[in-house]
Amino acid sequence: MSIPFNDLSRAALESAEDLKAIVERVILSGRYVLDSEVAAFEKAFASFVGVPYAVGVNSGTDAIFLGLRALDIKSGDEVVTVANTATATIAAIRMTGATPVFTDIDTSYTMDPNDLERRITPKTKAILPVHLYGFPADMHRISSIAKKRGLPILEDAAQAHGATIGERTVGRWGDIAAYSFYPTKNLGALGDAGAIATNNEHLAERMRRLRAYGEKARYESVEEGVNSRLDELQAAILTYSLSRLPVRNARRRQIAEQYLMSIDNPAVTLPKQTEGERKGVWHLFVVEVDYREHFIEHMTQEKIGTAIHYPMPAYRQKAYSFLNVNPADYPVTERTAPRIVSIPLFPELKDEEVDAIIAAVNSYVR
Ligand SMILES: Cc1ncc(COP(=O)(O)O)c(C=O)c1O
């Protein structure tokens with residue numbers, strides 16, 4: 001048995017007939033960009049997040065960028081985010097011209113609230129926590145610091161559709177939340193797509209303008225915008241996939257719980273994303289090992305795919321060397337980055353595959 005790290009074709013196969021009908025419907029409608037399918041998806045997604053407004057855009061990166069633009073973030077400003085995240089978060093901040101400033105992570109792999117206050121300077125204009133691997137950042141503490149400092153929050157919820165803190169979903173803690181529907185995400189399109197969610201009518205209206213050349217009405221640009229329109233085909237597919245998301249998230253949780261219960265190899269540290277009222281949606285299942293290459297080699301021999309999220313913090317990447325970040329300022333991120341490795345977790349994993357993954361991890365000897 002060979003088990004891939006992920007296999008999107010399995011979900012597609014399950015839904016093939018429904019997807020074909022959706023594609024045919026949209027093709028025959030003769031309307032392909034920002035029309036009734038987008039409006040219907042925005043309404044359904046806003047309701048899923050629990051906010052009045054959602055704005056469909058081209059990608060998660062654009063969702064962050066346009067959200068920051070709506071908050072008036074610009075060159076010369078600083079946006080405090082977290083050292084362990086997808087490069088996309090940093091790219092989106094840089095698209096506004098602002099400078100990303102990093103906090104270290106805590107043991108949940110998300111923004112360490114204890115490290116947040118000292119990173120805030122007079123130039124800080126927004127705080128951008130990331131609900132990484134599907135696990136909510138500590139929004140109680142982050143929100144209270146933001147409130148005290150009078151700073152807006154943009155939540156990067158690209159990996160966390162449906163994650164909750166107590167009764168409240170992520171995406172409802174900040175002023176704006178950005179989502180990605182990249183195909184591998186918990187809610188994935190069949191291509192690139194994203195959305196921005198907010199409680200604030202004024203921000204929603206501005207983001208709607210910014211995604212389409214800053215137009216208030218057709219051919220009337222009131223501010224500089226971009227083309228980040230969502231297309232009808234992706235929107236229709238997303239509305240369909242959204243209806244399946246609760247069941248698929250539940251399956252992810254079931255597999256994660258099985259891993260947490262049954263992996264008992266002292267050489268493998270299990271994720272601590274299980275504590276208190278923060279409930280993740282297990283976008284990824286990330287373990288830590290002392291000798292990562294050796295572990296990956298073992299899993300490969302067992303014919304099981306692995307991946308690394310992420311091998312190198314953004315501040316260490318060549319592209320961001322101009323930020324002149326001192327890695328020693330991020331001890332937990334530095335300690336963690338060389339140790340993390342993700343094992344397969346997607347809803348279509350079969351029970352026997354889950355058992356085989358557990359057995360393979362448990363048979364690893366360092
Ligand atoms: C944490 C995080 N933020 C932002 C993004 C950007 O999303 P997209 O790939 O849709 O631009 C991603 C996905 O790649 C992500 O994982």
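Analyst: Strand β2 (residues 78-82) and β3 pair in the parallel sense over five bridges, where two strands are said to pair if DSSP finds at least two bridges between them. Strands (E, at least two residues) and helices (H or I, at least four residues) are DSSP runs numbered from the N terminus. Within this pair, Val-79 stands opposite Pro-100 in β3.

Before going further, please keep in mind that this is a predicted model, in which local features need pLDDT of at least 70 and side-chain atom pairs count only at pLDDT 80 or more, while totals for chains, interfaces and linings use all residues. Residues are numbered from 1 along each chain as its sequence is written, and side-chain values use heavy atoms, with hydrogens and water left out.

The pair belongs to an open sheet of three strands in the order β3-β2-β4, with parallel pairing. Its edge strands, which each pair on one side only, are β3 (99-103) and β4 (124-127). From one strand to the next, the twist averages 35°, an angle taken between N-to-C directions on a scale from 0 to 180 degrees, with axes fitted to C-alpha atoms and, for helices, over the stretch in contact. Helix α5 (residues 87-95) packs on this sheet and touches β2 and β3, and its direction makes about 145° with that of β3; contact here means heavy atoms within 4.5 Å.

There is also an open sheet of four strands, arranged in the order β1-β9-β8-β5, and its pairing is mixed. Here β1 (53-57) and β5 (154-156) are the edge strands, each pairing on one side only, and neighbouring strands are turned by 20° against each other on average, direction ignored. Inside this sheet, β8 (residues 176-180) and β9 (residues 194-198) pair in the antiparallel sense over five bridges, with Ser-180 opposite Gly-194 in β9. Helix α4 (residues 60-70) lies across β1, β5, β8 and β9 and runs at about 165° to β8.

Turning to a pair of helices, the axes of α9 (residues 232-262) and α12 (residues 351-362) come within 10 Å and cross at roughly 30°. That makes α9 roughly parallel to α12, since angles under 35 degrees count as roughly parallel, over 145 as roughly antiparallel, 65 to 115 as roughly perpendicular and the rest as oblique. Among the residues that make this contact are Arg-251, Ile-255 and Tyr-259 of α9, together with Asp-351, Val-354 and Ile-358 of α12.

Some loop residues complete the picture. Glu-302 lies in the loop between α10 (292-301) and α11 (331-336), and it is partly exposed, with a relative accessible area of 38%; with a 1.4 Å probe and protein chains only, under 20% counts as buried, over 50% as exposed and anything in between as partly exposed. Leaving aside residues up to four places away in sequence, Glu-302 touches Met-1, Ala-360 and Ser-363. Tyr-310 lies in the loop between α10 and α11, and the peptide bond from His-309 to Tyr-310 is cis, with omega near 5°.

Most residues other than glycine have a negative phi, and most peptide bonds are trans. Leu-34, in the loop between α2 (16-29) and α3 (36-49), has a positive phi of about 40° although it is not a glycine. Tyr-219, in the loop between β10 (215-217) and β11 (220-221), has a positive phi of about 65° and is exposed, with a relative accessible area of 66%.
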